[in-house]
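The tour goes from single residues to the relation between the chains.

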Protein chains: 2
Amino acid sequence: MQYKDKTMGATKTDHFTDNQNQLAVLAKALGHPARIAIMEYLLKVDTCICGDIVNELPLSQPTVSQHLKELKNAGLIKGSIEGNSICYCINEPGLEKIKGFFEHISNHLEKKRNDCC
Amino acid sequence: MQYKDKTMGATKTDHFTDNQNQLAVLAKALGHPARIAIMEYLLKVDTCICGDIVNELPLSQPTVSQHLKELKNAGLIKGSIEGNSICYCINEPGLEKIKGFFEHISNHLEKKRNDCC
DNA sequence: TCTTTATATTGCAATATTACGATATTTATT
DNA sequence: AATAAATATCGTAATATTGCAATATAAAGA
C-alpha cells in the first residue's frame with residue numbers, strides 16, 4: 001500500500017489530482033465482491049452490527065478482517081469497540097463522495113446526449 | 001484476469017452473487033486514478049472523442065490503451081472505429097448500474113439512521 | 001486467574017495489476 | 001505500393017492484492 005510512484009508496477013498517483021486519487025481509492029475499496037457483500041450486509045441489518053460479519057462471508061476470519069480494514073481505511077465504514085466485539089457501520093461521508101461522482105456524470109450525460117458510438 | 005478460485009491469491013468470485021461480482025467489477029474498473037481521469041475527460045469533452053485521450057494522460061500509449069480496455073471490458077465506456085482512430089464515450093448502462101448501487105445504499109441510510117458508532 | 005470469545009497481525013504463497021519498450025496491426029494518405 | 005498516424009498486443013519487471021494458517025491481543029465471564 002505504498003503508491004510512491006518510484007518504479008514500474010506502482011500506480012502513478014502523483015500525476016493525478018487529489019480528487020481523482022480519492023475517488024479511485026473509494027472505488028478500489030469496493031472493487032471486491034466480499035467488500036460489496038460487507039456493505040450490503042451492513043445495510044441489511046439496519047443498524048450497526050457487532051460481530052457476525054465473519055459468519056456471513058465465505059472467507060476466513062483473517063481475510064474478512066483484512067477486507068474490513070480496507071473499507072475502513074478508504075472511509076466507507078467505521079467501527080468502534082463495543083465491549084467484546086467491534087461495532088461496524090457505514091460511514092456516510094465516504095459513501096456520499098463516491099455517490100456524488102456518479103451523479104455528476106449521470107447528470108451531465110442527461111443534458112448532453114452522446115449518441116455517436 | 002482469471003478469477004477461477006483455484007488456489008491462493010485469486011478472488012473467490014464463486015462464493016458471491018452475480019450482482020456482487022458485477023458491482024465489484026465496475027468499482028474495480030474505476031479503482032485507478034487514470035481511469036477516473038478518463039471518465040472525467042470523456043464527460044468534459046461533451047461528445048464522444050476520437051483520439052486525444054493518450055495526450056491527456058501522463059502515461060504512455062500502451063498503458064492508456066490498457067486502461068481503456070479495462071473500462072471497456074467493465075462496460076463503463078464503449079468505443080467504435082472511426083476511420084483512422086477510435087471514438088470512445090461513456091456507456092450509460094454500466095454507469096447506471098453502479099450509480100444505482102450507491103443510491104440504494106444512500107436511500108436506505110436516509111430512512112434508518114445508524115448513529116451508534 | 002484462567003478460559004473463552006472476538007478481532008487483529010504476521011508471514012508467506014499464489015495471483016493480479018501497473019507500466020512501458022518494442023512490435024504488430026489497421027486505416028488514411030500520398 | 002509505400003508511408004504515416006493511431007491504436008493494440010506482447011513481453012517483462014516491479015509492485016499490489018488475495019487468502020489463510022499460525023499467532024497475538026484484548027475484553028468478558030467463570
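Begin by selecting B:His32, which lies in the loop of chain B that runs between α1 (18-29) and α2 (33-44). Keep in mind throughout that this is a predicted model. Is B:His32 buried or exposed? With a relative accessibility of 12%, B:His32 counts as buried, because buried means under 20% relative accessible area. If residues up to four places away in sequence are not counted, B:His32 touches B:His67 in its own chain, and A:Thr11 and A:Ala24 in chain A.

Next, select A:Leu57, in the loop of chain A between α3 (53-56) and α4 (61-74). A:Leu57 is buried as well, at a relative accessible area of 11%. Apart from neighbours within four places in sequence, A:Leu57 is in contact with A:Ala34, A:Ala37, A:Ile38 and A:Val64, and also with B:Phe16. Show the C-alpha atoms of A:Leu57 and A:Ala37, which are 20 residues apart along the chain and separated by 7.9 Å.

Finally, display both chains. A rotation of 180°, with 0.0 Å of shift along its axis, superposes chain A on chain B with an RMSD of 0.0 Å, and that is the relation of a two-fold axis. Of the interface residues of chain A, 100% are also interface residues in chain B, so the copies meet through the same surface.

How values were computed:
Residues numbered from 1 in each chain as written. Chains lettered and ligands numbered in written order. Predicted model: local features only at pLDDT ≥ 70, side-chain atom pairs only at ≥ 80, totals over all residues. Heavy atoms only, no water. Helix = DSSP H or I, 4+ residues; strand = E, 2+ residues; numbered from the N terminus. Buried < 20%, exposed > 50% of the residue type's maximum accessible area, 1.4 Å probe, protein only. Contact = heavy atoms within 4.5 Å. Least-squares fit on C-alpha atoms with pLDDT ≥ 70 in both.
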